[in-house]
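Please open the model in your viewer and keep the selection tool at hand. The stops below are meant to be followed in order.

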Amino acid sequence: MTTPTPLTQDELKTLVGQAALQYITPGDIIGVGTGSTVNKFIDALASIKDQIRAAVSSSVASTERLQAIGIPVLDANEVESLAVYVDGADEIDGHGHMIKGGGAALTREKIVASLAQRFICIADESKRVEVLGQFPLPVEVIPMAAKQIARRFAALGGQAVLRCKSGQPLVTDNGQHILDVTGLAIADPLTFESEVNQWPGVVTVGVFAHQKASVCLLGTTQGVQTLVY
Ligand code: 5RP
């Protein structure tokens with residue numbers, strides 16, 4: 001008897017992207033995040049696109065992908081609330097707290113998530129952690145505050161590095177910069193998020209504890225696990 005080949009990370013992302021369709025009610029306006037896992041969700045949405053009234057998107061990249069399959073994209077100011085927001089994560093702990101922003105879209109992701117009644121996180125099992133902080137924490141900052149914010153992270157034991165692309169500081173969809181902070185173990189994500197949010201020049205910290213996941217669809221070798229928080 002041959003042992004089945006384990007699913008690749010890409011196949012796990014496809015599985016959870018498809019599984020997220022069960023959270024969509026026909027006629028909904030949905031919130032859509034950013035990243036390679038969300039791209040699988042958008043691909044899956046194509047099969048039910050006629051049931052989607054519109055989407056609010058967290059990035060230019062996702063907006064273009066949604067429009068390419070014929071789903072209208074609204075500005076966040078045009079909606080009062082969303083039934084669901086579907087997005088990936090860089091890390092997720094046992095309470096549904098996440099680190100996000102690996103794709104530099106954290107500010108818009110937090111804004112769209114805040115409009116939604118439920119956050120459906122789609123992730124492969126490599127993202128599940130006990131304590132947040134192994135993944136470098138993205139923090140969107142006003143450029144003139146970057147060095148002072150880096151010093152404040154150093155005082156907490158972290159090392160902040162300016163994210164670059166093609167040798168230049170990466171510029172977000174909002175015209176700001178990103179610091180990636182290593183060396184943190186974020187044991188109390190709610191308090192940490194509230195504190196860092198107060199620092200002058202921080203636009204958004206990539207800890208999603210106040211906007212945590214309601215449900216995580218976790219792609220594992222045993223199939224999709226549904227974790228409810
Ligand atoms: C983008 C994000 C993504 O959700 C996160 O980086 C996960 O991405 P991927 O699905 O490609 O692993 O926060 O800012």
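Predicted model: local features only at pLDDT ≥ 70, side-chain atom pairs only at ≥ 80, totals over all residues.

Residues are numbered from 1 along each chain as its sequence is written, and side-chain values use heavy atoms, with hydrogens and water left out.

**The sheet.** Select strands E9, E12, E8 and E13, which in that order form an open sheet of four strands with antiparallel pairing; strands are DSSP runs of E with at least two residues, helices are runs of H or I with at least four, both numbered from the N terminus, and two strands pair if DSSP finds at least two bridges between them. Strand E9 (159-162) and strand E13 (202-205) stand at the edges with a single partner strand each, so one side of each is left without a neighbour in the sheet.

Next select helix H4 (residues 106-115), which lies across E8, E12 and E13 and runs at about 70° to E13; axes are lines fitted to C-alpha atoms, for helices over the stretch in contact, and angles run from 0 to 180 degrees between N-to-C directions. Helix H6 (residues 189-197) also packs on the sheet, touching E8 and E13, where contact means heavy atoms within 4.5 Å. Seven of the ten residues of H4 are buried, so H4 is largely enclosed by the rest of the structure; among them are Glu-109 and Lys-110. Buried means under 20% relative accessible area, exposed over 50%, and partly exposed in between (1.4 Å probe, protein chains only).

**The hairpin.** Move to E15 (residues 215-220) and E16 (residues 223-228), which pair in the antiparallel sense over six bridges and are joined by a hairpin through two residues. Here the bridge partner of Gly-219 is Val-224 in E16.

**Leu-15.** Select Leu-15, found in helix H1 (residues 9-19), which at 30% relative accessibility counts as partly exposed.

Finish at Gly-96, in the loop between strand E5 (91-92) and strand E6 (98-99). Which residues does Gly-96 touch, not counting residues up to four places away in sequence? They are Phe-208, Lys-212, Ala-213 and Tyr-229, and Gly-96 counts as buried at 0% relative accessibility.
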